[in-house]
Amino acid sequence: MKEISILVGGKAGDGIRQAGNVIARLFNRIGYRIFFYDDYPSLIRGGHNFSIIRAAERRIIAHKETVDVIVALNQDTIEKHLHRLNAGGTILYDSKKSTTEGVGIDFMGIVNLFNGKPIMRNTAAIGSLAGVLGIPWPVLEKVISDTVEKEIELNVQIARHAYDQIDSPHKSVPKLEQPPLPLITGNEAIVLGAVKAGLNMYIAYPMTPASSILHYLAANENELGVVTVHPESEIGGALILLGAAYTGARAMIGTSGGGFALMTEALSLAGQGELPMVIIEVQRPGPGTGVPTYTMQADLDFVVHAGHGEITRVVLAPGDAEEAFYMSGMAMNLAWKFQIPAFVLSDKHLSESIFSFEGDLDKVTPEEALLWNKEGEYKRYADKKYGISPMAFPGNPSAIVKATSYEHDENGIATEEPKAISRMQSKRLRKRKYLENELLIRS
């Protein structure tokens with residue numbers, strides 16, 4: 001067997017993503033490479049949720065529209081996805097919630113035998129699935145023990161009883177002779193790349209599909225050494241980021257299209273003040289609020305041209321978790337090397353899906369910014385060959401450190417003199433040539 005795709009579906013509140021997560025880790029444990037796509041409406045309860053877990057012997061970075069197994073926790077899943085089922089495929093369903101041809105198991109009845117909670121129907125479904133696919137029980141037991149966070153013993157008992165309901169496997173899924181790999185989302189890869197490049201502060205007002213960056217960093221603040229800030233708005237967040245960069249903090253902000261729309265004035269301030277600004281823009285359908293929990297790639301022109309006036313910027317658009325890791329680190333380093341806004345342009349499909357990760361963590365390291373050598377008078381906007389001025393930070397008794405949104409001279413003093421204006425604008429735009437050369441070298 002080269003690969004297998006499984007769809008698990010139900011309503012919001014049935015623990016569909018958690019079930020998909022366990023199934024993905026089950027296949028990972030026996031040597032398969034994983035792509036896990038999660039589909040959900042913008043509802044807390046109700047609606048229809050489903051996940052597609054694709055497992056293959058080789059590296060994969062997308063799901064397929066057709067599947068080999070459907071795990072249905074309700075009738076809606078069967079009606080919506082029956083057309084996806086490949087010839088010879090199997091439907092594993094809750095016999096008290098659905099009616100169809102396939103393997104029917106009373107998931108809730110099993111849960112009730114052990115006085116479990118209704119959400120544990122997903123555990124019963126996973127146990128039955130492992131039986132259908134002929135995956136050895138000890139493998140599933142270990143995955144549940146490692147993955148489920150609460151009431152592990154109870155979940156193991158429910159899964160085992162469901163596993164035993166399957167008399168013989170319907171499909172054979174052999175163990176592969178290759179080691180498991182870390183499974184991470186695209187957003188987690190973005191975080192890790194930025195951290196490896198020196199990220200020490202993250203600011204974000206939550207906005208799907210970027211929100212999990214904030215949640216992940218806040219949950220791992222001490223381990224990763226990153227201060228997380230949840231401001232009152234996207235506007236406030238962008239300005240906090242600029243203030244942090246002014247003081248020398250390697251900061252980053254994350255949002256989606258509608259949130260970034262509110263940050264464009266701060267983007268122009270970063271361009272004029274030559275403040276390093278790293279922005280993770282995770283696209284979703286627009287315009288306006290659009291469709292908050294689905295994917296679209298419609299913000300490229302917006303990100304490339306946002307802001308008033310001419311601003312040198314770099315926009316990096318990864319296509320999978322490994323590229324997300326490398327490019328977020330690159331964005332951090334380029335923002336500080338060239339003192340410009342740097343974007344990582346993602347989307348819901350990349351940011352929230354789970355990948356087998358084979359990136360080399362040692363390939364991303366913090367790169368030094370151009371710092372003032374403390375010789376002579378400090379000029380924040382000194383007109384240097386590459387358009388990059390040496391930086392100093394507040395607290396240095398030998399330097400007056402300016403940051404301004406007004407056109408200025410080399411010292412940062414506001415000016416309306418034509419020659420001075422032309423000189424500073426040429427200085428800032430001169431960075432583009434050297435930025436292009438830098439990108440060619442890195443490619």
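Me: Which element gives the largest share of the lining of the largest cavity?
Reply: Helix 12 does, with 3 residues. Keep in mind that this is a predicted model.

Me: What else lines the largest cavity?
Reply: Ala270, Gly271 and Gln272 are in the lining, along with Glu274, Glu310, Ile311, Thr312, Gln339, Ile340, Arg428 and Lys431. Helix 16 supplies at least two residues of that lining, as helix 12 does.

Me: How do the lining residues of the largest cavity divide by class?
Reply: There are 3 nonpolar, 4 polar and 4 charged residues.

Me: And what volume does the largest cavity have?
Reply: About 80 Å³. The count is 3 cavities of 30 Å³ or more.

Me: What about the second largest cavity, which residues line it?
Reply: Its lining is Ala245, Tyr246, Leu275, Arg380, Met391, Ala392 and Val401. By class that is 6 nonpolar, no polar and 1 charged, and the volume is about 40 Å³.

Me: Back to helix 12. Why is helix 12 described as largely enclosed?
Reply: Because 7 of its 10 residues (helix 12 spans 264–273) are buried, the rest of the structure largely encloses it. The buried ones are Ala266, Leu267, Ser268, Ala270, Gly271, Gln272 and Gly273.

Me: What covers those buried residues?
Reply: The cover includes helix 10 (234–246), helix 11 (257–261) and helix 16 (418–442), plus strand 11 and strand 13.

Me: Which residue takes a positive phi just after helix 12?
Reply: Glutamate 274, at about 55 degrees. Glu274 is also one of the residues lining the largest cavity.

Me: New topic, strand 13. Are its residues buried or exposed?
Reply: Buried, 7 of 7 across residues 341–347, so the strand is largely enclosed by the rest of the structure. Pro341, Phe343, Leu345 and Asp347 point one way, while Ala342, Val344 and Ser346 point the other.

Me: Which strand is joined to strand 13 by 7 bridges?
Reply: Strand 11 (residues 277–283), and the two run parallel. In that pairing, glutamine 283 sits opposite aspartate 347.

Me: And how many bridges join strand 12 to strand 13?
Reply: 3, and strand 12 (residues 314–316) runs parallel to strand 13. There, valine 315 is opposite phenylalanine 343.

Me: How does the chain get from strand 12 to strand 13?
Reply: Through helix 14 (residues 321–338), in a right-handed β-α-β crossover.

Notes. Residues numbered from 1 in each chain as written. Predicted model: local features only at pLDDT ≥ 70, side-chain atom pairs only at ≥ 80, totals over all residues. Heavy atoms only, no water. Buried < 20%, exposed > 50% of the residue type's maximum accessible area, 1.4 Å probe, protein only. Helix = DSSP H or I, 4+ residues; strand = E, 2+ residues; numbered from the N terminus. Pairing = 2+ DSSP bridges. Right-handed = clockwise from strand over helix to strand, strands pointing away. Contact = heavy atoms within 4.5 Å. 1 Å grid on protein atoms, 1.4 Å probe; cavity = no way out; pocket = protein on both sides within 12 Å on 5 of 7 lines; lining within 4 Å. Points joined across faces, edges and corners; volume = space filled by probe spheres on them. Nonpolar A, V, L, I, M, F, W, Y, C, P; charged D, E, K, R; others polar.
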